[in-house]
Amino acid sequence: MRSTPAPESQSPEGGAPLADEHPVYLQDPVLDATVRMLVELTAEVWVERERRLALEELLSQHGLLAAGALEQFRPNAEQAARLKAERNRFIEQIFKELRRIPMSPARALR
Amino acid sequence: MSAVQDPMPQPAARADAAYLDFVEGFRAYLLGEGSQFESRLEQELLAEGQRRGAPLVDIEQIRAHVEALPIGQLRNRLARTQQEMKWQRLTGSFEAQRAALSAELARYDGRGPGRLLLDPAFNYPPYLNVNFHLQPGGYFKDELSGFLYHYGTKVFFRGDNDHDELHARLVAKAPAPADGRVSRVLDLACSIGQSTTAFKRRFPEAEIWGIDYSAPMLRAAHRRAVMLDTDVNFAQRLIESTQFPAAHFDMSFAFIVFHELPLRIIRETVRETARVTRPGGVFTVFDFIGSEVHSPFQRYHRYFDARHNGEPYSQDFCDCRFGDILDEYGFDVAAAPVGQRAGGTGYMQHWFAIRR
């Protein structure tokens, strides 16, 4: 893990040294960036999926989509719970691989 | 009867809300049993201690082991990333509606119930100039810092505090003085006033004060309290120098405050709180557990969080034996229960302290 001193704009009194604004955590900086991009991409995919799900809810309720309805749609408690469950399934589907990473780096290379 | 307004500031667009909802869920997945990073690293550190014939206690040993492991590196990358994603999207979303949000704050500044006392000559001490939790501008440099904090902590609490449920629970746990007299309550470093208003609901006849150094936080706190029709007072003051008379308060309260203070200010704040809390009054503190009860992974978590999540003072707090400091300045610690979680000791602790 590499880091440089905290930006001068902050002025803590003692304590632990703050990491740089852009620390790298993985041994390979390209892999580090790839992980960041993957999570960002996942977030954006979720944004699209959430929008579609909201749209489908509205369409099923009204049969057509009024102007501005999508932006104003707020799920009721039951719908919000369904969305949260769907979100959690989505996260699990993409990130379940995290549980399969071996503990030993040597094993990871085999 | 008008409907109760939701004081939570809203993102500019549906897409921003959905993005932040993803971060909220991803954070829960990352820190919990979705990724299983924490439980696996905890087990690995315990197993490594057994392999070496002695538990891992030294932070350099623990750090070297965790950061050599692929899942240790990845856990750190993702922990940092989810926090950066939150703030980047949130600041962009509020920036897009800055003029409207600024006008909203101004609209509420002079309204009641309750008072908002800002100090135009207030000097922010350098030790407060920290981007706590990586929040851009820290707690006071942006007029919208209070709004950013409110939505940022919504994500932090993983949706469990959207309507201040946590604050209500913690305020309910604060013991009243043995004589039952509660005329005045002080909420130290109240931020956006979620505990402050919870105290008013618990003690409707009492005079409740929330103090904080951050003007943007206090403006958001006052707006929120007015929207909730709750008569509480907010003042811009340092918690180590409150300007209140001696023995003025029956109860004082500090919610996750002390780990964000240098040790020097921790001591000054306890001394000041002892001054303004009457004999028999109760000081309730909720904050991080002490290092002495840290598991090996909790020890690493504190190391990482201090450096990579803008918590520079948190290690010193965990090391300071806070109960002893309370005692030194005139409090009897009646109880200091440590929270529990699945798999062992939790991360948080209460101190219930009675002024001698």
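Residues are numbered from 1 along each chain as its sequence is written, while chains are lettered from A and ligands numbered from 1 in the order in which they are written. Because the model is predicted, local features need pLDDT of at least 70 and side-chain atom pairs count only at pLDDT 80 or more, whereas totals for chains, interfaces and linings use all residues.

**View 1. Overall fold of chain B.** Chain B holds 13 helices and nine strands, defined as DSSP runs (helices H or I, at least four residues; strands E, at least two) numbered from the N terminus. Its radius of gyration is 21 Å, close to the 21 Å that the globule rule gives for 356 residues, so chain B is as compact as a globular protein of that length; the radius is taken over C-alpha atoms, and the rule is 2.2 Å times the number of residues to the power 0.38.

**View 2. The two domains of chain B.** The domain assignment, which is automatic or from a database, gives domain 1 (14–109) and domain 2 (115–355). Their centres, taken over C-alpha atoms, are separated by 22 Å.

**View 3. Contact between the domains of chain B.** Domain 1 contributes 33 residues and domain 2 contributes 29 residues to the contact, two residues being in contact if their C-beta atoms, placed from the backbone, lie within 7 Å. On the side of domain 1 that touches domain 2, the elements giving two or more residues are helix 1 (14–31), helix 2 (37–52), helix 3 (59–68), helix 4 (70–95) and helix 5 (98–109), and helix 4 gives the most, with nine residues.
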